Amino acid sequence: MNRAIRKRILVTGITLAVCFTGLSARLLYVQVSQHEHYLELGRRKHETRKILTSSRGSILDSTDQVLASNEPVKDVIVDASNVKEPELLAGLLADALNLDKAELHAKFVKESYDPKLKKMTRSRYVVVQKNVNETVASGILAKLTALNRDRRDWNQIRGVAFEQSARRIWPNGELLCHVLGYVNSANFGMDGIERSFNRYLQGTNGFRDIERTRTGVEIVSYRGEERAASNGGNVRLTINMRLQTIVEEELNSVVARYRPKSATVIMMDPKTGGILAMANRPNFNPNKQKGVEESVRLNLAIATQVEPGSTFKIVTMAAALNERIVSLTTPVPCENGYWSWCKLHDHHAYASLTVKNVLVHSSNIGVAKLASKLGEQKFSDYIYGFGFGQRTGVALPGEIKGEIHPISDWTPISITRMPMGHEVAATPMQIVTAISAIANGGKLMTPQIVQDVTDESGNVKESFPPLLVRQVVSAQVARLVTEALIEVTSPKGTAKAAQVPGFVVAGKTGTAQKLENGRYVNDKSVCSFVGFMPAEAPAFALLVLVDEPRETRHKAVGGLVAAPVFSRISERAAHSLGLAPTESIKSPMIVAKVEKVGRDFRRP
Amino acid sequence: MADNRRRYANTIPVVRFLIIGMICITVCGAGLGYLWCLHDVNATGEKIKEREVDLVKLRNRNEGFRTSIEILSSAAQLETDLKKGKFKKFNLERIGVLDQQHLATVVKMALPQQPGRGDLRTVVNEVKRK
């Protein structure tokens, strides 16, 4: 063989050997050294982790009526890079979803730089509209199918996708809005029960490792690890929707009649502390919460403080009786209506009143004398004992403590002002909790809004039994205070309008002038009535609080504004709860003014 | 001799062919079986997927109906419907008694017994008589 040929063969052989050695080395590098890296790349391309979304739990009332639930909806998404006729698709979607066609078209044709592809591309994920009703989504799909029926495969309209989603709904609208709260766009509770019980309601998302084909279709037989989604629990409230409806209706009539700045009603079961109904005005619809002011979203029952006024006299009297410094029949000198030492007035002049009548006639001087006998320290202890100046612990967000000044900050006349509910600030919830303690034999309970949390099958995951805070006063003292409170609603008391035919009512009115720039103003007041019924075996305690009713000064008092509302709510609530009347209805009571009696027979 | 005859005999090695054939059939069968199983697994997977999609659709429809029921039976909606006059209000004091609701109890009068009539007989205390 020629030497030159032999040389060429050798060179070629060596070259090939080098090449194959290089290829082998590269193969070894890729297959062995970089094995994990390429495996990961392959996995990333074909394997994905599909998130299995959990559904948010419902909120129910004590009778299992649904108060908050989820509605299945769809998000309409368009892959604009896959749309061949953006104008046609924009027109179709704009018609179906009531959107602006030009705006939608602009979204579809808008291009941006893709660093991966290194060129300008259309967006692959255009959110056309979120939370679209299932019927509307089906309508769009039907239209698309009809359009594509007459088109060839290459000419079909593609790129529209419907992502399954869920929207939170509150079927009762405005009813109970402050208690239920609302959620944000990510279905995370933002206020009310939705927020405080978010961790129970939310549930846990699951996942499934899946493999897809080149066209994106899932290969079911290659499914990997899977963890099912755990749906959120159902939260059952102590609220009774029938009572809530009564409260809301009566509150509406208060708003229509007095046009107040705000109004609050709380109904509580004194034995358990369970809240049966709670409503505030102004209110809002959680289903349409766009543009709702923050002040309207506020749950005034726990997040606002007022001077309780004369309703606070219950605390003073209970304290004095519990310390045994007086009895119900002990006479209290009332200075003939004006106590010059502290410049304190009474509405009516009394020389002397028994302790019981001090409450019945709501004597400011009388309670001031009782508190003075009690002393600052003991009086302060009882104020805190009844739960004022501290959060009640109700499971709702945003509760405030109210304001009770420490004794070191008291002025010499504070001991005469605080017993009648001035110089103190309390939340409506604190007031109703305190009266519930009297109704419950002196036992102060933590207000409860949630009964239990159950899973999808109805098994109880967590329950919230009644919580006793402390025994504030003895059962005997509670009975004595109740006795006096019954007199308050008698014809000789300040709250005749709170009477309920057939039942014995115990309660106390309150009228607190409002402070503006450090001075009490005459034309603005907070009218309230707090009581319980039936007095001998209370089924509920009820607070009606109306802030700044538009009424003349002499008519804007608790006995005329709030007490009749208490009466109407209590009467309807007694009927709803099936309470048997204990008293005979002796004489007819005026419940409404009749404008016209009889029929006009002249008309055909 | 006999060995040579057997070694050089022009016969077909049936047994050997049979063994080879059996091995081929087994291998092919196993391969085809594997393919059939694989196809079946994939087909079942597709069916599972279809059923899952159907289940999700049904679940969503069910959820939708449930939501509709919740809205329609909510206190607020019932109140609105009542105001619109969709339900008739009960006036418990003024419900009149309809003709169909009248109850009539027919009491049969006992006829005086006639002696000597067939199976009828006078009832007496027979124990005392004995």
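Colleague: How many residues of chain A are in contact with chain B, and how should I read such a count?

Modeller: Two residues are in contact if their C-beta atoms, placed from the backbone, lie within 7 Å, and by that criterion 17 residues of chain A are in contact with 15 residues of chain B. Keep in mind that this is a predicted model, in which local features need pLDDT of at least 70 and side-chain atom pairs count only at pLDDT 80 or more, while totals for chains, interfaces and linings use all residues. Residues are numbered from 1 along each chain as its sequence is written, and chains are lettered from A, with ligands numbered from 1, in the order in which they are written.

Colleague: Which elements of chain A give two or more residues to the side that touches chain B?

Modeller: Elements here are DSSP runs numbered from the N terminus, with helices (H or I) of at least four residues and strands (E) of at least two. On the side of chain A that touches chain B, those giving two or more residues are β3 (66–78), β7 (160–169) and α9 (241–258) of chain A, and β3(A) gives the most, with four residues. By class, where Ala, Val, Leu, Ile, Met, Phe, Trp, Tyr, Cys and Pro count as nonpolar, Asp, Glu, Lys and Arg as charged, and the others, Gly among them, as polar, this side of chain A has eight nonpolar, six polar and three charged residues.

Colleague: Into which domains is chain A divided, and how many residues are in contact between them?

Modeller: Domain bounds come from an automatic or database domain assignment, and chain A is divided into domain 1 (50–237) and domain 2 (241–287 + 295–329 + 358–454 + 464–577). Their centres, taken over C-alpha atoms, are separated by 47 Å, and 27 residues of domain 1 of chain A are in contact with 21 residues of domain 2 of chain A. On the domain 1 side, α6 (177–180), α7 (192–196) and β10 (234–237) of chain A are the elements that give two or more residues, and the residues of that side divide into 13 nonpolar, nine polar and five charged.

Colleague: In what order do the strands of the open sheet with β1 of chain A stand, and why is one side of β1 and of β9 left without a neighbour?

Modeller: Strands pair if DSSP finds at least two bridges between them, and here three strands form an open, antiparallel sheet in the order β1-β8-β9 (chain A). Because β1 (47–52) and β9 (226–227) of chain A stand at the edges, each with a single partner strand, one side of each has no neighbour in the sheet. The antiparallel pairing of β1(A) with β8 (residues 206–211) of chain A runs over six bridges, and within it Ile51(A) stands opposite Phe207(A) of β8(A).

Colleague: Is Arg259(A), with its positive phi, buried or exposed?

Modeller: A residue is buried if 20 or more other C-beta atoms, placed from the backbone, lie within 10 Å of its own, exposed if 12 or fewer, and partly exposed in between. Arg259(A), which is not a glycine but has a positive phi of about 40 degrees, counts as exposed with 11 C-beta neighbours inside 10 Å.
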